[in-house]
Amino acid sequence: VEDVAGRQNDLHAAHPHLAFWDSHDVEPQGSDSETKDQYGRPRRVPHTTRLAAGIRSFIENMPQRPHFGDPRRMYRSLPLGATAQLLLTDEQLFHDPYPCAFSFPPPECPAADDPKRTYLGATQKAWLKNALERSRGG
């Protein structure tokens, strides 16, 4: 059995990087229904089961530090020395639900223009605004 943690540490030492999930890692946005996929077809596996498996697979196989408290939380702030801070957002799991059905081309969707909607979701948006207000950057 290979030492996966050791290989991940070697990888980070040689090439610092951050890994984030995307829809192919977890599940496409707009597919939150337990019983139907984003195209309206019946699911073989419930949404929450599939999402948990995708998150687990990502965390087990991508070299990164999980956020303390909530392993699903990818958005965070990372200091880059004394003069810079990297703010990472997650547009996969913490966004507002899609207001309209997923299709191509997209249908007319007046609900998408609701000013109360936020792409980041309320909790992540509040975190980002707070982090920007506290930032020492100019």
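**Close-up 1. Strands β1 and β2 pair in antiparallel fashion.** Five bridges join β1 (residues 76-80) to β2 (84-88); helices (H or I, at least four residues) and strands (E, at least two) are DSSP runs, numbered from the N terminus, and two strands pair if DSSP finds at least two bridges between them. The model is predicted: local features need pLDDT of at least 70 and side-chain atom pairs count only at pLDDT 80 or more, while totals for chains, interfaces and linings use all residues. Residues are numbered from 1 along each chain as its sequence is written, and side-chain values use heavy atoms, without hydrogens and water.

**Close-up 2. The turn of the hairpin formed by β1 and β2.** Three residues lie between the two strands. In this turn, G81 has a positive phi of about 75°. L80 stands opposite A84 in β2.

**Close-up 3. L18 in the loop between α1 (4-14) and α2 (47-61).** L18 counts as partly exposed because its relative accessibility is 48% (buried means under 20% relative accessible area, exposed over 50%, partly exposed in between; 1.4 Å probe, protein chains only).

**Close-up 4. A111 in the loop between β2 and α3.** With 39% relative accessibility, A111 is partly exposed. Leaving aside neighbours within four places in sequence, A111 contacts P99 and R117 (contact means heavy atoms within 4.5 Å). A111 and P99 are twelve residues apart in sequence, and their C-alpha atoms are 6.0 Å apart in space.

**Close-up 5. T118 in the loop between β2 (84-88) and α3 (122-134).** T118 counts as buried, because its relative accessibility is 12%. Beyond neighbours within four places in sequence, T118 is in contact with D96 and K125.
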